[in-house]
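The following report describes a single protein chain, from its overall make-up to selected local features. The sequence and the model are shown first.

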Amino acid sequence: MALLTPLFAFLYHLPQVYKWLLKPYYVASLFMSVAFLTVRKTPGICDHLASQREDGNSCDFDWREVEILMFLSAIVMMKNRRAITVEQHVGNIFLFSKVANVILFFRLDIRMGLLYLTLCLVFLMTCKPPLYMGPEYIKYFSDKTIDDELNKDSRVTWIVEFFANWSPECQSFASVYADLSLKYNCAGLKFGKVDIGRYGEVSKKYKVSASPLSKQLPSLVLFQGGKEVMRRPQVDKKGRAVSWSFTEENIIREFNLNELYQKSKKFSRSKAEKLSPSQFPPVPEEEEPEQSGAEVQGEDSESKKDK
């Protein structure tokens with residue numbers, strides 16, 4: 001069952017995966033992930049490679065290479081148990097495939113290992129994973145605007161994500177956070193983001209470390225009346241984040257989003273009532289046209305005749 005669940009999830013999201021794989025970043029990652037397999041199985045190239053197989057077939061994996069690949073598969077399965085989105089699943093597969101390729105190439109030939117490692121470093125410095133560009137109701141803060149927005153209206157509750165563009169975890173979480181903003185954003189409950197990789201002063205003030213070793217990215221902080229109420233993940237005494245999964249279900253439960261949304265809708269209604277039509281100046285009624293003097297005299301004479 002542990003194997004079938006990821007498989008069904010992958011097949012369900014296959015159309016999305018297909019679109020992602022067509023992007024340059026993922027196309028390059030795919031080719032680099034299968035580089036050793038291609039070299040080992042391509043006729044004309046594999047014939048010149050060394051092999052520890054008893055039959056001397058250099059175009060097939062030896063027992064040590066099979067062992068490394070099996071170990072890689074086990075690590076990917078363990079990492080993907082905590083993966084939230086399909087991007088994280090695919091990213092873990094690419095990442096550990098590249099690590100396995102480095103080991104396999106160095107074991108095969110140190111020159112090939114150095115060449116592949118150089119390609120990986122160039123790829124890491126020049127290619128960045130595509131950022132989320134979908135719909136969202138999120139306000140992006142800077143170091144000059146975050147304090148003003150949080151304290152602008154004490155009745156507004158803010159959920160703010162502290163992130164960094166270089167963090168793979170933040171990039172994977174972007175689509176989840178955007179979906180939450182589309183479902184729960186209203187006048188009394190708003191969503192914000194601030195890049196602490198760019199604004200270091202914000203990182204220090206709100207005590208969110210941008211260091212990869214702290215594992216505090218991304219961090220979600222709930223503000224009410226401009227003051228912090230709670231955050232996830234929590235941080236221990238050593239400054240390290242307590243392990244927490246950023247799934248949509250966990251966020252809704254831990255931050256009581258359903259309850260917050262219901263309370264915030266009341267604020268939205270009261271705000272709408274202030275702008276009701278009764279608050280606007282009344283529209284002047286049309287005045288009846290003044291009667292001429294002849295018409296008035298005529299009416300007086302008619303009333304006398306009636307008498």
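Helices (H or I, at least four residues) and strands (E, at least two) are DSSP runs, numbered from the N terminus. On this basis, the place of proline 233 is in the loop between β5 (227–232) and α11 (248–254). The model is predicted: local features need pLDDT of at least 70, side-chain atom pairs count only at pLDDT 80 or more, and totals for chains, interfaces and linings use all residues. Residues are numbered from 1 along each chain as its sequence is written, and side-chain values use heavy atoms, with hydrogens and water left out.

**Overall description**

The protein chain contains 13 helices and five strands. Its confidence is expressed as pLDDT, the predictor's confidence in each residue, from 0 to 100. The mean pLDDT of the chain is 81, and 79% of its residues reach 70 or more. Residues 275–283 stay under 50 in pLDDT, and the model has three contacts (heavy atoms within 4.5 Å) for them beyond four places in sequence. Residues 289–307 are likewise below 50, and this stretch has two contacts in the model beyond near neighbours in sequence.

Of the contacts in the protein chain with a separation of 6 or more, 64% are between residues 24 or more positions apart. Buried residues (under 20% relative accessible area; exposed means over 50% and partly exposed in between, with a 1.4 Å probe and protein chains only) make up 37% of the 307 residues in the chain. The accessible surface, from the Shrake-Rupley method with a 1.4 Å probe and, for residues, only the protein chains shown counting as cover, comes to about 20400 Å² for the protein chain. Carbon and sulfur atoms account for 59% of that surface.

**Aromatic contacts**

A pair of aromatic rings is described by the distance of the centres and the angle of the planes. Rings of Phe, Tyr and Trp (its six-membered ring) pair if their centres lie within 6.5 Å; planes under 30 degrees apart count as stacked, over 60 as edge-to-face and the rest as tilted. The structure holds 14 aromatic pairs. In one of them, the ring centres of phenylalanine 141 and tryptophan 158 are 5.2 Å apart and the planes stand at 65 degrees, so the pair is edge-to-face. Because phenylalanine 141 lies in strand β1 (residues 138–141) and tryptophan 158 in strand β2 (residues 157–163), the pair ties together parts that are 17 residues apart in sequence. Both phenylalanine 141 and tryptophan 158 are buried.

One aromatic cluster is formed by Phe173, Tyr177, Phe191, Trp244 and Phe246. A charge also sits over a ring, a term that requires NZ of Lys or CZ of Arg within 6 Å of the ring centre and within 35 degrees of the ring normal: lysine 193 lies over the face of phenylalanine 163, at 4.6 Å from the ring centre.

**Helix α3**

Which residues of helix α3 (residues 24–33) are buried? They are Tyr25, Tyr26, Ser29, Met32 and Ser33. These residues cover an arc of only 125 degrees around the axis, which puts them on the same side of α3; the arc is that of the directions from the helix axis to the C-beta atoms. The face turned away from the buried side of α3 carries the exposed residues Pro24 and Phe31. Proline 24 has a relative accessible area of 67%. The C-alpha atoms of proline 24 and cysteine 127 are separated by 8.6 Å, and the two residues are 103 residues apart along the chain.

**Backbone features in loops**

| Item | Feature | Value |
|---|---|---|
| Leucine 217 to proline 218 | cis peptide bond | omega about -5 degrees |
| Arginine 232 to proline 233 | cis peptide bond | omega near 0 degrees |
| Lysine 207 | positive phi, not a glycine | phi about 55 degrees |
| Asparagine 256 | positive phi, not a glycine | phi about 50 degrees |

Proline 218 is placed in the loop between α10 (200–205) and β4 (219–224), and lysine 207 is also in the loop between α10 and β4. Lysine 207 counts as exposed, at 67% relative accessibility. Asparagine 256 lies in the loop between α11 and α12 (257–274) and counts as partly exposed, at 42% relative accessibility.

Valine 242 is found in the loop between β5 and α11. Valine 242 is partly exposed, with a relative accessible area of 42%. Apart from residues up to four places away in sequence, valine 242 touches Pro233, Gln234 and Asp236. The C-alpha atoms of valine 242 and lysine 215, 27 residues apart along the chain, are separated by 8.5 Å.
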